[in-house]
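Here is a friendly briefing to read alongside the model. Have the sequence and the 3D view open as you go.

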Amino acid sequence: MDTQDIQLLMTLHRTSNITRTAEELYTTQSSVSKRIRQLEKELGIILVLRSRLGIQFTPAGEIVLRHVSAIARELRTMNQELNDTQGIISGTLRVGVSINYAMYRLPPILRRYQEYYPLVHTQTIIEVSQKIYSMFIAGQMELVIVRGEYSDWDGPRMLLGREPICVITCRAHEHLPLDELPQVIRKSDTEMERDTALWRREHKIPTAKNQVFANSTATCIEMVRQGLGWGIVPEICLAHFDGCIRPMCFADGRPLVRSTYLLYTEQTAALPQIRAFIDLLAETKESL
């Protein structure tokens, strides 16, 4: 058994599918099946069973998988330590990013990071903030970029920016009262829904009789641009919007804003590839 066999078994366990395993390893289904049979012959056991649910590891196969996973971790650690002694940044970067930040800020940052540190394997998960925060708390991510306050997190954080939340309409509707227009509504998190509900009460804006429920911020903006109603979106998304933009304020004059934070732990920040990403975000923040 060599490192290619280890990769094959771990990929097969993750995908539970020989076809997908072959695609990910840039080989053929027959080659994967043949190598599995060879390993079973060498070890004198049945590694996997085929069923309607896909590939399932036998109890003996689970034992083999547990050991090859430990070997893979040790190999990664060894390579990381060897590279560290030579001043080379490698390893794996697992980062979760909120959808809006990923769409409007992340691509150039991630491209620069990959250009600077080509030996680092990057795994980026793009999801709503609440979901990636839950993954972060569960230890599935080394660091996350989330939108909102998350006051229950008492570890290190870096403020990446704050921007106003805005009411948007098309130019043709610029002077119309909002209660005379349909509302284009996008799904948001609990904190933002609470704040916008308070703003509506303070400004006596009733629930619109006609509503459009958009599946994303981009869809909401396009619906408004086409004159289908008014919407509430963060300024981060409005760089190319050509309609009317009005920042929202509460009755006491406080602006309604959205914060974006990088969250991480002291332990993960000690890893060179993680520290490099944190430093790059700090540098990018300074240049904005």
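A search of the whole structure turns up 15 salt bridges, a salt bridge being a side-chain nitrogen of Lys or Arg within 4 Å of a carboxyl oxygen of Asp or Glu. This is a predicted model, in which local features need pLDDT of at least 70 and side-chain atom pairs count only at pLDDT 80 or more, while totals for chains, interfaces and linings use all residues. Residues are numbered from 1 along each chain as its sequence is written, and side-chain values use heavy atoms, with hydrogens and water left out.

**Salt bridges**
- Glutamate 142 pairs with arginine 94 in a salt bridge whose closest N and O atoms are 2.7 Å apart.
- Glutamate 142 sits in the loop between helix H7 (129–137) and strand E5 (143–147), and arginine 94 in strand E3 (residues 91–98), so the pair ties together parts 48 residues apart in sequence.
- Helices (H or I, at least four residues) and strands (E, at least two) are DSSP runs, numbered from the N terminus.

**Two domains**
- The domain assignment, which is automatic or from a database, gives domain 1 (3–85) and domain 2 (90–287).
- Their C-alpha centres lie 39 Å apart.
- Four residues of domain 1 are in contact (heavy atoms within 4.5 Å) with four residues of domain 2.
- Between domain 1 and domain 2, the salt bridge count is zero.
- The two domains bury about 290 Å² between them, 36% of it on carbon and sulfur atoms; buried area is the accessible area (1.4 Å probe) that two parts lose on being put together, summed over both.
- On the domain 1 side, Gln80, Asn83 and Asp84 lose the most area to domain 2, together 93% of what that side buries.

**Helix contact**
- In H1, Asp5, Leu8, Leu9 and Leu12 meet Val32, Arg35, Ile36 and Leu39 of H3.
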